[in-house]
Amino acid sequence: MNYLSVEQLTKTFGEKRIFCDLTFGVDQGQKVAIVAKNGAGKTTLLKCLMGMDSVDNGRIVFRNDIRVAFMEQTDLMNENQTVLDAIFDQDLPSFQLVKAYNDALLASDEKSIEQLYEKISSHNAWDLEVKVKQLLSVFKLDNLQQKISALSGGQRKRVALAKVLLSEAEFLLLDEPTNHLDLDMIEWLEQYLATSKSTLLMVTHDRYFLEVVCDTIFELSDETLFKYKGNFSYYLEKKAEREEQLQSTIEKAKNTFRKELDWIRRQPKARGTKQKARIEAFNDVKKIAQQRIAEEELDLPVKMERLGTKIVEFHKIGKSFGKNIILSDFSYNVQRKERLGIVGNNGTGKSTFLRILLGQEPHDKGKTVIGETVVFGYYSQELIKVPDHFKVIDVVKEVAEFIPLEKGRQLSAAQLLERFLFPREMHYQFISKLSGGEKRRLKLLRVLMSNPNFLILDEPTNDLDIFVLSVLEEYLRNFQGCLVVVSHDRYFMDKMVDHLFIFEGQGKVRDILGNYTDFRKIQQAERREFQQEEKISTPEKEATREGQPKRKLSFKEKEELNNLENELTELEVQKISLSRELSSGKLSGTELIQKGALLGVVVSDIEEKTNRWLFLAEFL
């Protein structure tokens with residue numbers, strides 16, 4: 001069943017054409033990702049599909065009877081709403097009823113409470129608030145009454161994502177859904193979307209996410225769309241085959257072009273003496289022969305200072321903010337060519353650690369020693385900040401007109417930009433016209449221009465496209481200095497680092513040899529071991545210690561078993577009585593709340609005591 005049909009879609013900004021004659025469809029259940037270079041028009045395409053941006057021509061048709069939800073990169077939520085109000089600000093009847101019920105409770109409007117109770121019951125919407133709170137808990141949004149205006153950019157993004165996931169939409173359009181999520185959240189979202197029945201069209205640069213979630217890849221390139229029916233690995237394989245075939249076609253066209261060019265030159269200039277069809281064929285061959293497959297390579301042969309024997313030493317560092325302990329007696333010596341990854345949940349102190357390393361944040365106790373030869377290069381999460389009138393080339397010239405290289409050579413600002421994948425036609429574009437990824441790449445260039453031998457990268461992969469990321473990874477693999485990376489990009493971490501600092505909170509920093517995948521394997525093994533231990537109850541543990549399985553109950557355990565039978569009978573009677581009272585329609589709003597809470601406690605007690613009874617009964 002077709003959910004989306006797009007025909008002959010064309011979009012231009014002034015003289016720049018973004019895409020031309022795009023034709024594609026998305027079927028029910030498909031999970032499609034759009035990949036492209038920064039500035040190629042991925043976000044523009046999503047906005048055109050949602051009618052938030054106009055198109056020059058073409059046709060966009062969504063199936064009439066489906067619900068569509070869109071998560072943008074930049075949220076437009078009401079600043080005065082609370083987190084809970086923002087989530088419930090949906091046009092679904094169940095959301096409206098639960099929101100009205102909560103408002104009635106706050107106003108102590110017993111008549112409205114009674115009426116809404118019946119409506120919520122008829123819509124089976126009592127579990128909605130629990131579902132909302134569970135999802136917000138996954139995204140670590142615990143203060144539900146906090147105003148949107150008081151949230152950080154990352155928290156706002158998580159609220160917007162939660163709202164879309166709870167919207168009950170059959171078709172989800174997501175623009176960079178993994179930005180501002182920590183690793184546990186990303187893996188949860190990955191599993192959720194992979195198993196969801198929703199149809200999905202998204203833009204993301206998370207390559208593991210593309211691998212696990214998506215079954216179709218659309219590549220937006222050269223103003224057109226290439227379609228690959230498979231996951232990310234399949235896409236890379238088929239893209240390489242396509243480029244190889246294109247290169248072969250170009251080579252053949254070049255050979256034909258040389259022959260035809262010689263014929264054109266030998267013939268009289270008068271058009272009538274030449275074969276019209278052959279001239280047209282010549283022009284077609286010329287177009288193919290002049291095509292180039294961009295072989296992107298980040299080439300920046302900067303003059304790097306050689307590192308001495310002493311680099312960075314931490315001696316019993318302590319740091320806390322009130323009761324929140326960041327580091328506790330932390331000691332470590334950074335080695336030459338160190339390739340360290342830092343991971344941990346948001347708020348555990350990763351960025352604080354980087355600032356301490358850079359000397360930007362004082363520590364409470366201990367000593368940090370920085371070697372005399374160390375030159376830091378720090379890439380932070382903030383976008384580049386320059387005056388509005390600045391153009392791309394101005395950003396480089398502000399640092400230096402010429403960059404010194406090895407062996408006395410130098411590079412001009414324009415040459416440096418080209419080496420960093422900014423072609424000549426982009427040099428005089430205003431910074432405000434660049435995409436988020438292009439701005440981040442320009443900021444990274446500024447960092448590398450300082451010729452650092454100790455690179456610190458805080459979330460370097462945010463907003464960078466997968467093509468630039470592969471080029472950056474190749475450059476960093478050949479970097480001869482020290483590298484410290486904070487990133488939620490699991491693919492990037494696996495390729496870049498050989499050991500990790502895991503910030504677990506309250507001053508605990510775990511040092512693990514290996515990359516991110518190695519860490520997750522260790523974590524999963526520990527989790528399995530813990531779960532196995534949890535399954536063994538106290539009596540079983542005692543039996544294990546004695547070396548023999550337990551066969552008989554003690555006198556106390558027999559007495560406990562009899563008491564449990566009586567208690568369970570009483571609890572079941574209490575449960576039935578409470579259920580009848582709640583459905584009678586005779587209770588006031590306050591009584592409804594009290595009885596509902598009591599029923600929850602009773603159900604929990606029944607479950608707990610039943611499990612204990614079942615265990616003891618096995619040995620009777």
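Start by selecting N462, which sits in the loop between β17 (454–458) and α15 (466–477). Helices (H or I, at least four residues) and strands (E, at least two) are DSSP runs, numbered from the N terminus. Residues are numbered from 1 along each chain as its sequence is written. This is a predicted model, in which local features need pLDDT of at least 70 and side-chain atom pairs count only at pLDDT 80 or more, while totals for chains, interfaces and linings use all residues.

N462 is buried, with a relative accessible area of 12%. Buried means under 20% relative accessible area, exposed over 50%, partly exposed in between (1.4 Å probe, protein chains only). Show N179 and R440 too: N462 touches both, not counting residues up to four places away in sequence. Contact means heavy atoms within 4.5 Å.

Next, select β17. Of its 5 residues, 5 are buried, so β17 is largely enclosed by the rest of the structure. F454, I456 and D458 point one way, L455 and L457 the other. In a regular strand the side chains alternate between the two faces of the sheet.

β14 (residues 376–379) pairs with β17 in the parallel sense over 4 bridges. β18 (residues 482–486) also pairs with β17 in the parallel sense, over 5 bridges. Two strands pair if DSSP finds at least two bridges between them.

Last, colour by pLDDT, the predictor's confidence in each residue, from 0 to 100. The chain's mean is 83, and 87% of its residues reach 70 or more. Over residues 544–548 the pLDDT is below 50; beyond near neighbours in sequence, this stretch has 1 contact in the model.

Notes
Heavy atoms only, no water.
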